[in-house]
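The sequence and structure are shown first.

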Amino acid sequence: MDFPFEYDHGAPLAFGGALPEPRNFDESRVVVLPVPLDRTTSYVPGTRNGPREILQASSHMELWDDELGVDVHGVGLFTLPEMELPFGELEPVMEEIRRVAAEILSRDKFLVTLGGEHSITPPLVAAAAAKYPGLHLLQIDAHADLRDSYMGTRHNHACAIRRSLEHAPATQVGIRSMSTEEAKAAPGLNTRLFYDVSMRQDPDWIARVVDTLGDPVYITIDVDGMDPAIMPATGTPEPGGLSWYETLALLRATISQRNVVACDVVELSPIPGLMAPNFLCAKLVYKMVTYKFGTAGGR
């Protein structure tokens, strides 16, 4: 909308708010897609509010990165409107997410998807795998998400990586919760698990994780992969998990050594009045963008 006068103002539903150098879709290298799906959450619902709260928090985020000494917003970050997803069966929902992601990736954008529940990841991986042959998936998560079906659907959030394996092999990090069914199935699946209880016994665990990855890479981050002390706002919290700096170290190593082509951050279930988890997610997204575009080693 045009106004007869100008003043500084925020755009609360655009990642980063009022960026100093806003870009349109064509000019932007990064495209943010909010997908507020909340259909199969099995403990605490609320992931439908995750994308909006991440975007709102991001409008209060400083853009200078003190770790790398850069401000990467100039590469262009464009936020698409929230998807409005059909009711009824989940198959059309998954297909619509895949179609929209494929449209974005076909234009050579770095796609950042904000969830929503983890069931959005398989169609995103499918779109990325079609665009980038040889794709490998890196998952940060408390849960293995390797069930073949759960609560009557193969598209449940607990099946997210099992469905994703239909499109790409995976490396799973921080895992500390799985069913007996998953534990029995895992050795026969095309995935490598790093269990939270033991992975840090090797001081070079991050290098070992990166060594398992092919190239290119899609990153999916379920926020319950982090310690609930810093990420309590999630529907299925688990004790243990990655610290903030462990998460960043893994992401920086991965992005500097592999061609990361897209990512998602899912399963934020905002807690009213508690802003820190929302802001953490916004900062996490911006850190990945910074690692991707703000270093000579990023690809």
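## Strands S3 and S8

Val 112 has Cys 263 as its bridge partner in S8. Strand S3 (residues 110-115) and strand S8 (residues 260-266) run parallel and are joined by four bridges. Helices (H or I, at least four residues) and strands (E, at least two) are DSSP runs, numbered from the N terminus; two strands pair if DSSP finds at least two bridges between them.

This is a predicted model, in which local features need pLDDT of at least 70 and side-chain atom pairs count only at pLDDT 80 or more, while totals for chains, interfaces and linings use all residues. Residues are numbered from 1 along each chain as its sequence is written, and side-chain values use heavy atoms, with hydrogens and water left out.

## The sheet

Eight strands form an open sheet with parallel pairing, in the order S2-S1-S3-S8-S7-S4-S5-S6. Strand S2 (77-79) and strand S6 (191-195) are the edge strands, each pairing on one side only. From one strand to the next the twist averages 15 degrees. Axes are lines fitted to C-alpha atoms, for helices over the stretch in contact, and angles run from 0 to 180 degrees between N-to-C directions.

## Helices on the sheet

Helix H1 (residues 50-58) lies across strand S1 (30-35), S2 and S3, and runs at about 115 degrees to S3. Helix H7 (residues 244-257) also packs on the sheet, where it touches strand S4 (136-140), strand S5 (170-175), strand S7 (217-222) and S8. The direction of H7 makes about 170 degrees with that of S7. Contact means heavy atoms within 4.5 Å.

## Helices H2 and H3

The axes of helix H2 (residues 90-105) and helix H3 (residues 121-131) come within 8 Å and cross at roughly 40 degrees. Residues in this contact include Met 94, Ile 97 and Arg 98 of H2, and Pro 123, Leu 124 and Lys 131 of H3.

H3 is largely enclosed by the rest of the structure, because nine of its eleven residues are buried (under 20% relative accessible area, with a 1.4 Å probe and protein chains only; exposed is over 50%, partly exposed in between). Among the buried residues of H3 are Thr 121, Pro 122 and Val 125. The cover over them includes H2, S3, S4, helix H4 (160-164), S7 and S8.

## Cysteines

The count of disulfides (pairs of cysteine sulfur atoms within 2.5 Å) is zero. Cys 263 is in no disulfide, and the nearest cysteine sulfur, that of Cys 281, is 12 Å away. Cys 263 counts as buried because its relative accessibility is 1%. Cys 159 is also buried, at 0% relative accessibility.
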